[in-house]
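Please look through the sequence and the model shown here before reading the report.

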Amino acid sequence: MAKESSQTALHRVVVIVDENSNPFELGCATEVFGLRRPEIGRDLYDFGLCSPEPRTVMRDGFFTLTGVAGLEAADAADTLIVPNRPDVEVPRRPAVLDAVRRAHARGARLVGFCSGAFTLAEAGVLDGRRATAHWQWADSFRTRFPAVRLEPDVLFVDDGDILTAAGSAAALDLGLHVVRRDHGAEVANSVSRRLVFAAYRDGGQRQFVERPLPDLPDESLAPVLAWAQERLDSPLTVADLAARAVVSPATLHRRFRAQLGTTPLAWLTGERLALACRLIERGESRFEMVARRSGLGTAAHLRTLMRRETGITPSAYRRRFGPDTS
């Protein structure tokens with residue numbers, strides 16, 4: 001688990017683990033926020049677990065968690081990841097809900113993976129806010145929490161200080177998004193590569209983060225993706241990608257949907273935006289040059305895409321993640 005590595009305290013991420021919590025989402029949080037990062041050269045977070053009981057039986061009795069801090073550790077969290085579990089109709093412990101409310105009141109960032117949205121909603125912190133949850137619980141969630149603006153057709157929702165992910169694997173998407181928000185695209189991509197989280201997953205929200213190429217069989221899209229990534233500054237089209245893959249544009253669309261869950265054009269735009277972010281982080285201050293080298297054409301187009309996909313302008317991105325901010 002990450003520890004403080006300098007005189008400046010690291011951002012503290014704490015996960016509340018409660019009875020019947022899901023091990024997978026706990027593993028996702030640990031992988032993204034809890035590991036040391038020698039490949040980056042510094043730790044990113046201070047990470048810890050806490051529980052309302054000394055012994056916590058995980059989902060379906062898979063194992064029992066012991067030796068973690070008490071619930072008071074949640075009061076020191078900068079980011080608090082709330083418990084999620086499959087029994088969404090069972091109320092959460094009052095002590096857990098009180099810890100969530102205290103964290104929200106003092107300005108901590110709250111994160112809910114999968115059914116964790118139910119925990120946040122029960123605590124009352126999602127009223128009037130945007131959130132998502134697993135599709136199979138969407139109707140139940142709407143019935144129980146009509147004041148929450150549920151968006152069930154996205155991978156995750158970033159509503160500022162409260163973030164929610166729809167489903168187990170989407171915990172990785174949201175975790176990488178949080179890393180990108182905190183540390184920039186270069187660092188998020190490094191974490192993604194270590195995870196070998198291969199698929200580019202277009203969820204329609206401000207959730208772009210570059211991911212490594214998929215390690216798929218020869219008939220996969222990996223060769224054409226690698227070819228395109230080396231030519232992002234060229235005027236590539238969907239027809240160009242299809243020709244390289246020796247398939248029709250219609251077949252290429254079907255393969256992208258099946259293997260990557262997105263369209264060729266959306267993938268290409270995402271890759272170009274990722275390159276633009278890296279160029280800005282590495283010190284390129286001329287936005288016309290960034291747009292040209294990333295294949296986005298003009299600075300105006302770059303600004304439009306960055307605002308749409310990241311929520312901030314290129315100038316704001318440079319101030320936050322440029323080389324003079326490290």
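The report below takes up a strand and its partners, a nonpolar core and some salt bridges.

## Basis of the report

This is a predicted model, in which local features need pLDDT of at least 70 and side-chain atom pairs count only at pLDDT 80 or more, while totals for chains, interfaces and linings use all residues. Residues are numbered from 1 along each chain as its sequence is written, and side-chain values use heavy atoms, with hydrogens and water left out.

Helices (H or I, at least four residues) and strands (E, at least two) are DSSP runs, numbered from the N terminus. Strand E11, residues 162–165, is covered on both faces, with Ile162 and Thr164 buried on one side and Leu163 and Ala165 buried on the other; here buried means under 20% relative accessible area, exposed over 50% and partly exposed in between (1.4 Å probe, protein chains only). In a regular strand the side chains alternate between the two faces of the sheet.

Two strands pair if DSSP finds at least two bridges between them. Strand E7 (residues 109–113) runs parallel to E11 and is joined to it by four bridges, with Phe113 opposite Ala165. Strand E10 (residues 156–158) runs antiparallel to E11 and is joined to it by three bridges, and the bridge partner of Phe156 is Ala165. E10 and E11 form a hairpin with three residues between them, and Gly160 in the turn has a positive phi of about 85°.

## The largest nonpolar core

A nonpolar core is a set of buried Ala, Val, Leu, Ile, Met, Phe, Trp, Tyr and Cys residues joined through side-chain atoms within 4.5 Å. The largest one has 34 residues, and those with the most contacts inside it include Ile16, Leu110 and Leu126. Strand E1 (11–16) and helices H2 (94–105), H3 (116–122) and H4 (138–144) each supply at least two residues of this core, and H2 gives the most, with five residues.

Leaving aside neighbours within four places in sequence, Leu126 is in contact (heavy atoms within 4.5 Å) with residues including Leu120, Phe141 and Ile162.

## Salt bridges

A salt bridge is a side-chain nitrogen of Lys or Arg within 4 Å of a carboxyl oxygen of Asp or Glu, and by this rule the count comes to 25. Arg93 forms one with Glu19, the closest N and O atoms being 3.6 Å apart. Because Arg93 lies in the loop between strand E6 (79–81) and H2, and Glu19 in the loop between E1 and helix H1 (23–34), the pair ties together parts that are 74 residues apart in sequence.

Within helix H2, Arg101 and Asp98 lie three residues apart, about one turn of the helix, and their side chains meet in a salt bridge (2.7 Å, N to O).
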